[in-house]
Amino acid sequence: MGIFRQAGALALAGAAALALNACGRSNVDGDSVVLHRGNMAEPLSLDPHKSSGTWENNIIGDMFIGLFTENAAGEPIFGLTESYEVAEDGLSWTFTLRETEWSDGEPVTAHDFEFAFQRILDPATLAQYASLLYPIRNARGVNTGELDPSEVGVRAIDDRTLVIELEFPAPYLRGLLTHYTTFPVPRHVVERYGDAWVQPQNIQTNGAYRLVAWRANNYIHLTRNERFWDNENVCIDEVYYYPTVDNAAAERRVRNGELDLIIDFAGQSLPFLRQQVPDYVRVHPYLGLVYFSFNTTLEKFSDPRVRNALGMAIDREFIAENILRAGQIPAHSFIPPGVDNYPGTARIGWFDAPVEERRRLARELLEEAGYGPDNPLRFTYTFRATGDNPRIAPVVQQDWQLIADWVQVDIQVVETQIHYSNLRSTDYELGDGGWIGDYNDAYNFLFLAETDSVPMNYSRWSNETYDTLVAQANRTLDADERGSLLAEAEQIMLNEMPYIPIVYYVNKSLVNPRVTGWEDNIVHIHRTRWMCFSDLADGQAEG
């Protein structure tokens, strides 16, 4: 994770390796065009109904496509949709599907979608991300076991006609339908193999690629799906995804030509990388934030005075400028700036006070809550093993302990997938995390604090007024009024502080300049189907 300091021989060796790599094309058996991608963490699952990480989305989105998908700029475009109509009240969407096939030649039908929505919302599936679909009629009731899965508001009229009915108008639905929770799954395969349907020997896909091999903690290998409807415009024949938990090692692998791209690097490495491989560095805004979650089911964190005190003590400016060092902005709200149709007026009340004054106020709040030398505040802060998170941990530990010597904090690193599993099950006290917008709308952030958004509401915070405002906003057709209601709800959450906003993300990637078709975008989604290599671009255009 540390900054590179061997700028001499190491840099020359890396440059030599890159020069050799650039002389030819990546290939396997002399013919296949191969892309090697660093992908942060090891996936827990490649089942669209059992995944929740961006690193899983990167792979799943290469293998499957829903009603909508993303272009190279990360914008929603038609996927399996050929055309669609929206009812005047915005509560019913009717989709006509294009004629496509699964990788085994079976047709992809509206019945696969109907089956998929019922499966992910069935509580027996234990889908971690099912609450994202609660805008769909009866989705919440099905997911909580109150209704039968057949009552989900998604139905196939015939093989090529699908109707989705909503609980409330959702102008962001096109964006939501690019998300893997809304993808079809091959009913004929899932019913035959059960949860084993995603194993390489069983899986069938409808996207540009299909799974060939998964070597745990080593690589995931995908190869071109010849039955993909747009296969003739796909350049890359094979793609390997590698878990790249160690940023420093991943950076070296890109510089040495072993990886074509990585989707994160250590912020402290930025000056070195801009000096040594400036054409590789991609840094740009991201629709997401780093935040800490309180387990509010614990007595010590049930008091908003305690939660605000710990939020006050953190020096976000130091973290952004001296630890992350890639243009991250200290977060004054839970919803990042620039979200569509949102005023962005909610703000942490004490955010602008100097950090020393904030720590003094924090001590007073903790004393009011009953803590002091005779009753110290003790807790464990757990954090992800990936990215810059291990470097942030000792900084915030010191920030909290500067409040008073009776604030005692232990820190503990946890493998990223296990850490998120612990957050979802509330098996933690205070934990770090990140949230990336699944679609460009404020609700995609605010649903994380709704009472019923379990397990994604890591804090288990519950506020009736907040829930009422969000529900009212989601039933409001006027965009300005809806935005105002959501901002009012966000302000309640910020005042109560079940989550501590830390910084707004930026994307940090290293991309070999040979790679074409990569476009920096706010959602940081880059599907392999759009990529090629500069020395092969003419061949791609010829099909």
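Mentor: Ala, Val, Leu, Ile, Met, Phe, Trp, Tyr, Cys and Pro count as nonpolar, Asp, Glu, Lys and Arg as charged, and the others, Gly among them, as polar. This is a predicted model, where local features need pLDDT of at least 70 and side-chain atom pairs pLDDT 80 or more, while totals for chains, interfaces and linings use all residues. Numbering runs from 1 along each chain as its sequence is written, and side-chain values use heavy atoms, without hydrogens or water.

Trainee: How many cavities of 30 Å³ or more does the structure hold?

Mentor: A cavity is a set of points on a 1 Å grid over the protein atoms alone where a 1.4 Å probe fits but cannot get out; its lining residues have an atom within 4 Å of a point. Here there are three of 30 Å³ or more.

Trainee: Which residues are closest to the centre of the largest cavity?

Mentor: Met40, Thr54, Tyr286, Ile436 and Tyr505, out of 49 lining residues. That lining divides into 20 nonpolar, 19 polar and 10 charged residues.

Trainee: What lines the second largest cavity?

Mentor: This cavity has a volume of about 40 Å³, and its lining includes Asn39, Trp214, Arg215, Tyr219 and Tyr242. Strands E11 (209-215), E12 (219-224) and E13 (238-242) give two or more residues each. By class, the lining has nine nonpolar, one polar and two charged residues.

Technical notes
1 Å grid on protein atoms, 1.4 Å probe; cavity = no way out; pocket = protein on both sides within 12 Å on 5 of 7 lines; lining within 4 Å. Points joined across faces, edges and corners; volume = space filled by probe spheres on them. Helix = DSSP H or I, 4+ residues; strand = E, 2+ residues; numbered from the N terminus.
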